[in-house]
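Dear colleague,

Please find below the structure that I am handing over to you. My notes on it follow.

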Amino acid sequence: MSFETDMPDESGRATGDPSPNSPSTLPGVHIPDETLAECEESIGYKFSDRNILKHSLTHSSIAPTRGQSNERLEFLGDAIMGAAVCEYLFESYPDYSEGELTRIKSAVVSRLTCAKMSNALNFDRYLLLGKGLAIHDRIPSSVLAAVFESIIAAIYLDGGWSAAKDFVLRTLSEEVARVGKS
């Protein structure tokens with residue numbers, strides 16, 4: 001999906017930007033409210049601050065600066081996802097050894113699984129990409145995996161541990177069960 005960019009005014013602030021001092025606003029990048037609402041529905045979570053969601057959907061190829069891309073959120077989301085899956089495995093498989101739990105966790109939190117979840121949730125429809133990536137028919141799996149992780153972080157920052165953990169377990173529970181059986 002292609003989105004418009006707002007041009008900054010004389011102060012350097014993009015027109016329509018709600019708060020120039022907020023770290024989660026992205027000058028020059030505009031996502032229609034309807035699109036954000038569709039994304040929230042796909043996620044199954046309504047954001048109190050949609051700027052956090054917008055930030056999580058912004059790839060570095062379109063972000064005005066690297067700090068305004070979803071890369072830092074990806075880092076945090078990966079850790080949150082890992083912790084949520086580890087806690088679930090620890091509680092759900094009391095007879096499994098540390099090695100078995102580690103193998104399950106590694107398979108579940110892989111780039112392949114994250115990309116698969118992004119596809120299942122249609123995140124490719126909401127992801128903001130620069131022209132170089134947007135012209136391709138397929139979004140690279142590494143980019144899809146990254147947006148899944150960044151959305152986990154966005155949910156965490158907006159709603160806390162419980163909301164993020166609920167999202168992770170809701171989206172990954174079938175994968176955990178499948179890998180746990182094998």
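Which residues does Met 81 touch, not counting residues up to four places away in sequence? They are Val 109, Cys 114, Phe 148, Glu 149, Ile 152, Val 168 and Leu 172, where contact means heavy atoms within 4.5 Å.

This is a predicted model, in which local features need pLDDT of at least 70 and side-chain atom pairs count only at pLDDT 80 or more, while totals for chains, interfaces and linings use all residues. Residues are numbered from 1 along each chain as its sequence is written, and side-chain values use heavy atoms, without hydrogens and water.

Met 81 is also one of the residues that touch the most other members of the largest nonpolar core, which has 46 residues; Phe 123 and Phe 148 are among the others. Such a core is a set of buried Ala, Val, Leu, Ile, Met, Phe, Trp, Tyr and Cys residues joined through side-chain atoms within 4.5 Å. Helix H7 gives the most to this core, with 9 residues.

Leu 157, found in H7, counts as partly exposed at 48% relative accessibility. After H7 comes Gly 160, with a positive phi near 90 degrees.

Ser 118, in helix H5 (residues 111–120), is buried, at 0% relative accessibility. Its contacts include Phe 123 and Phe 148.

Yours sincerely

Technical notes:
Helices (H or I, at least four residues) and strands (E, at least two) are DSSP runs, numbered from the N terminus. Buried means under 20% relative accessible area, exposed over 50%, partly exposed in between (1.4 Å probe, protein chains only).
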